Amino acid sequence: MSLRIDDRFKAILGATDRETLLTEVLRFTRHLGFTTVNATAVHDQPLDDVQFAWVSNTPSAYAQLADDVLYAKGDPVAQHCRHRGVPIVWDQSTYATAGHGARWEAQAQFGYCTGIALALHMPRGQHFFIGVDRDQRLPSDGEELSRLTADLQLFAAHAQEAALRILLPQVIELACPELTVRELECLRWTMEGKSAWEVGRILSISEQTAVRHLNNATKKLDCVNKHHAIVKAMRFGLIS
Amino acid sequence: MRMLDVGEKSNLLIEVVRFTRHIGFDLVNAMVVVDRLGSQSLFNRVDNIPRSYEDWTNHETRAGDPVMQHCKRASMPICWDRHTYASAGLDHRWEMQAQHGLRSGVALANHLPEGRHFFIGVDRDGPLPSDQEEATRVVAELQLFAAVAQEVALGLLVPEADGAIALGLTKRELECLRWTMEGKTAWEVGCILSISEQTAVRHLNNATKKLDCVNKHHAVVKALRMGLVR
């Protein structure tokens, strides 16, 4: 049973608002031995603007810099997390190697000297990023460092669900619309390459009625045409 | 954290088994699943589950499996034992698999973009660690290992667009299909890809022929079903 896992990983599952989400994220971060944390929910769909929402305890003095830096192209940690699904353990050398030694110097003044960060890339354009930072060195003992990283990875698996639910509720609520049996039938035959006239013949309805069913399905699915509607209905699992 | 450096499937199995033993388990099943819209998902795995326990590969019996059910929906790990099966009314299933050394285990799935999933489950012949801290260690290490292993496994176990190559579909043709799938007209596809409308139409016509379809929309559906586009 999942009850076997330490409560500090599971407490976040019960979070219902931003405040409790932040509280739980902070509690875990401190227990792990880090000072600052940023937990970000991201939604990116083709043809849509990327949405970001986060909880963090970033000091306000650093927030200005972070706004430029955190998702800026050059940041090696952000770069890593955008493309990879494995965690990154970083320190001054990470930035120096990437030719961003100055950036590290700037952020180090605010306590961002070392850290562990990772991103989970999930279906439907959903991503979850979490990074913990501190002003002290990372443990030199490989086993200890590996334990910290594993703990963060396990926490992220629990936190992402709550973070997406609380930070980007509009994304989670993209509900599947209800289509009538007739609308689904029309979509299915169109999917097989049939024209509206052919669909009408097959279902013994007029071409006009077939068109009307297809138009209704298209509107309900918030699509631009019947072919787009078919793809979206397949994604929702309405037709196969 | 040890990075996996494996070039082929047999080495992946070696690394996965090595890790499994390291955390105190015997058996492991690491699996890549790729959804294909409108047809059966693709499965590809490495495992050291005894062949005597053949039943476990049967998808129909797996369908009701509470551990699989959990992993299908959730992204959080599950620690399971006899109790998990008993409370799902499947004590007999547990008794059967226990004979093959699957008495308890930890399993998790990562649900990834583009209809891909990575599942890993480790099992053993004894009970789960009774100490909470020890149990947490095992689960956290498995979660971290999964993040590392899935990158490798996805590279090795997913036949990347093999179908597209077999049919001779070009990258451009696939791109045109992808944008058509998002509801774009040939003119719009042309604008997006910085090619003329005519060229976009030509790519789409070629793709349609290669897929043996009657029109571009039919081609999109067929490409989706074959997993050529997602």
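Which residues is Gln143(B) in contact with, leaving aside its neighbours within four places in sequence? In this predicted model, the list draws on both chains: Gln153(A), Leu154(A) and Ala157(A) on one side, and Ser75(B), Pro77(B), Leu108(B) and Asn110(B) on the other. Gln143(B) itself sits in helix H6 of chain B, which covers residues 132-157. With a relative accessible area of 2%, Gln143(B) is buried.

As for contacts in chain B between residues at least 6 apart in sequence, 59% of them link residues at least 24 apart.

Helix H6(B) also pairs up with helix H1 of chain B (residues 9-22): the two axes come within 11 Å and cross at roughly 175 degrees. Angles over 145 degrees count as roughly antiparallel, and H1(B) and H6(B) are therefore roughly antiparallel to each other. From H1(B), the contact takes in Lys9(B), Leu12(B), Glu15(B), Val16(B), Phe19(B) and His22(B). H6(B) answers with Glu141(B), Leu142(B), Phe145(B), Val152(B), Ala153(B), Leu156(B) and Leu157(B). Sorted by class, the contact of H1(B) with H6(B) has nine nonpolar residues, one polar and three charged.

Helix H8 (residues 171-181) and helix H10 (residues 197-210) of chain B have axes that come within 9 Å and cross at roughly 95 degrees, which makes H8(B) roughly perpendicular to H10(B). On the H8(B) side, the residues involved are Arg172(B), Glu173(B), Cys176(B), Leu177(B) and Thr180(B). They meet Ala200(B), His203(B), Leu204(B), Asn206(B), Ala207(B) and Lys210(B) in H10(B).

Glu173(B) deserves a word of its own here. This residue of helix H8 of chain B is buried, at a relative accessible area of 3%. Setting aside neighbours within four places in sequence, Glu173(B) is in contact with Gly168(B), His203(B), Asn206(B), Ala207(B) and Lys210(B).

Most residues other than glycine have a negative phi. Ser194(B), however, has a positive phi, near 55 degrees, and is placed in the loop between helix H9 (186-193) and H10 of chain B. Asp212(B), also not a glycine, has a positive phi of about 60 degrees; its place is in the loop between H10 and helix H11 (216-226) of chain B. Ser194(B) is exposed, with a relative accessible area of 65%, and Asp212(B) is exposed too, at 65%.

Turning to aromatic rings, the count over all chains comes to seven aromatic pairs. In one of them, the ring centres of Tyr62(A) and Phe110(A) lie 5.3 Å apart with the planes at 45 degrees, so the pair is tilted. Tyr62(A) belongs to helix H3 (residues 60-69) of chain A, while Phe110(A) is in the loop between helix H6 (101-108) and strand E4 (114-121) of chain A, so the pair ties together parts 48 residues apart in sequence. Tyr62(A) counts as buried, at 4% relative accessibility, whereas Phe110(A) is partly exposed, at 29%. Elsewhere in chain A, Phe9(A), Phe28(A) and Phe155(A) form one aromatic cluster.

Arg134(A) lies over the face of Phe34(A), 4.6 Å from the ring centre. In chain B, Arg124(B) does the like over the face of Phe25(B), at 4.4 Å from the ring centre.

Back in chain A, Leu167(A) is found in helix H7 (residues 142-167) and is buried, with a relative accessible area of 6%. Leu167(A) and Leu21(A) are 146 residues apart in sequence, yet their C-alpha atoms are 9.3 Å apart in space. Not counting residues up to four places away in sequence, Leu167(A) touches Arg18(A), Leu21(A), Ala39(A), Ala41(A), Ala53(A), Trp54(A) and Val55(A).

Methods. Residues are numbered from 1 along each chain as its sequence is written. Chains are lettered from A and ligands numbered from 1 in the order in which they are written. This is a predicted model: local features need pLDDT of at least 70, side-chain atom pairs count only at pLDDT 80 or more; totals for chains, interfaces and linings use all residues. Side-chain values use heavy atoms; hydrogens and water are left out. Rings of Phe, Tyr and Trp (its six-membered ring) pair if their centres lie within 6.5 Å; planes under 30 degrees apart count as stacked, over 60 as edge-to-face and the rest as tilted. Helices (H or I, at least four residues) and strands (E, at least two) are DSSP runs, numbered from the N terminus. Buried means under 20% relative accessible area, exposed over 50%, partly exposed in between (1.4 Å probe, protein chains only). A charge sits over a ring if NZ of Lys or CZ of Arg is within 6 Å of the ring centre and within 35 degrees of the ring normal. Axes are lines fitted to C-alpha atoms, for helices over the stretch in contact, and angles run from 0 to 180 degrees between N-to-C directions. Angles under 35 degrees count as roughly parallel, over 145 as roughly antiparallel, 65 to 115 as roughly perpendicular and the rest as oblique. Contact means heavy atoms within 4.5 Å. Ala, Val, Leu, Ile, Met, Phe, Trp, Tyr, Cys and Pro count as nonpolar, Asp, Glu, Lys and Arg as charged, and the others, Gly among them, as polar.
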